[in-house]
Amino acid sequence: MKTVSENACFGGMQGVYSHDSAATGTEMTFGLFLPAEAKDGPVPVLWYLSGLTCTHENAMIKAGAQAHAAAQGIALVFPDTSPRGEGVANDEAYDMGQGAGFYVNATEEPWAKHFKMWDYVAEDLPKALADQPIDWDRQAITGHSMGGHGALTLAMGLPGRFRSVSAFSPICNPTASDWGRKQFTGYLGTDESKWQAHDASLLMKEQGFDGPVLLDTGTKDQFYDLLRPWAMAEALATRRQQAAMRLQPGYDHSYFFVSTFMEEHVDFHAEALYR
């Protein structure tokens, strides 16, 4: 790993690093927060997956997660949302291409060469972090919007890896939403059977998650119809899943919303990580 920056933060260290990714075939940048306890040995880790148009930096700066993670002795990982750089395919639309990897492994051109974000988060970045003081038996995952979709699908798609999962304004049912159908067609092709493994509501109804789930969406979220939280509510009820799904009155899709409830999410994960 190459060090981009390191700053003292709430008694710990907020670092930004880059590395050559085997999954994407590009240089990838990510944020890593280590609390003070990491100086004495491995600590549990919470992954934060960001949404459309974001880099590793948005949540790292805006979510206010470090203070709460420091209080609980938890590390934070902030991956980027897509491969980037010269020769990496892109699209003029904000919701496709760079900044919009949707946490899938693309199989269609021109995306297949670099857009392997499932493998990047599931395999490549953990390998890059292997020497860090992280307790890999205690992992949790969260995310916002597209990142909420990624957190939920990775949590259910990798059984046993994460002790808990939460999401802020997640895209709950992408196979039935314009935030999903467009991207899945582009990245995965027109065979909709290949989309099912990346739809959190379908996964929840079919297999659920072996642990606690916390989901927050604002009642004034400007993308409410694209997120389709009602599909997730039905899936949770059908599965009888251990979960808290909350509609927060007056909140929208912004990081003001995320930062408001971040402490509750970190505390939720801390309970599972230290259980």
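The following exercises, each with a worked solution, concern a predicted model.

**Exercise 1. The largest pocket**

Determine how much space lies in the largest pocket, which residues are closest to its centre, and how its lining divides by residue class.

Solution. 
- Step 1. The space in the largest pocket comes to about 200 Å³.
- Step 2. The lining is made up of 13 residues, and those closest to the centre of the pocket are Leu52, Thr53, Cys54, His144 and His253.
- Step 3. By class, the lining consists of six nonpolar residues, six polar residues and one charged residue.

**Exercise 2. Salt bridges and the parts they join**

State how many salt bridges the whole structure contains, and describe the pairs made by arginine 138, arginine 181 and arginine 246.

Solution. 
- Step 1. Side chains of opposite charge can pair when their charged atoms come close. The search of the whole structure returns eight salt bridges.
- Step 2. Arginine 138 pairs with aspartate 135 at an N to O distance of 2.8 Å. Both arginine 138 and aspartate 135 are buried.
- Step 3. Arginine 181 pairs with glutamate 192 at 2.7 Å, N to O. Because arginine 181 belongs to helix H5 (residues 178-188) and glutamate 192 to the loop between H5 and helix H6 (200-206), this pair ties together parts eleven residues apart in sequence.
- Step 4. Arginine 181 is partly exposed, with a relative accessible area of 31%, and glutamate 192 is also partly exposed, with 35%.
- Step 5. Arginine 246 pairs with glutamate 264 at 2.9 Å, N to O. Since arginine 246 lies in strand S9 (residues 243-248) and glutamate 264 in helix H9 (residues 255-273), the parts tied together are 18 residues apart in sequence.
- Step 6. Arginine 246 is partly exposed at 26% relative accessibility, as is glutamate 264 at 38%.
- Step 7. The pair of arginine 246 and glutamate 264 belongs to a network of salt bridges that links Asp216, Arg246 and Glu264.

**Exercise 3. Backbone geometry**

Identify the geometry of the peptide bond from glutamate 109 to proline 110, and locate tyrosine 103 and arginine 228.

Solution. 
- Step 1. As a reference, most peptide bonds are trans, and most residues other than glycine have a negative phi.
- Step 2. The bond from glutamate 109 to proline 110 is cis, with omega near 5°. Proline 110 lies in the loop between strand S5 (75-78) and helix H3 (117-128).
- Step 3. Tyrosine 103 has a positive phi, near 55°. Tyrosine 103 is located in the loop between S5 and H3 and is buried, with a relative accessible area of 0%.
- Step 4. Arginine 228 also has a positive phi, near 55°. Its position is in the loop between helix H7 (224-227) and helix H8 (229-239).

Definitions and conventions:
Residues numbered from 1 in each chain as written. Predicted model: local features only at pLDDT ≥ 70, side-chain atom pairs only at ≥ 80, totals over all residues. Heavy atoms only, no water. 1 Å grid on protein atoms, 1.4 Å probe; cavity = no way out; pocket = protein on both sides within 12 Å on 5 of 7 lines; lining within 4 Å. Points joined across faces, edges and corners; volume = space filled by probe spheres on them. Nonpolar A, V, L, I, M, F, W, Y, C, P; charged D, E, K, R; others polar. Salt bridge = Lys/Arg side-chain N within 4 Å of Asp/Glu carboxyl O. Buried < 20%, exposed > 50% of the residue type's maximum accessible area, 1.4 Å probe, protein only. Helix = DSSP H or I, 4+ residues; strand = E, 2+ residues; numbered from the N terminus.
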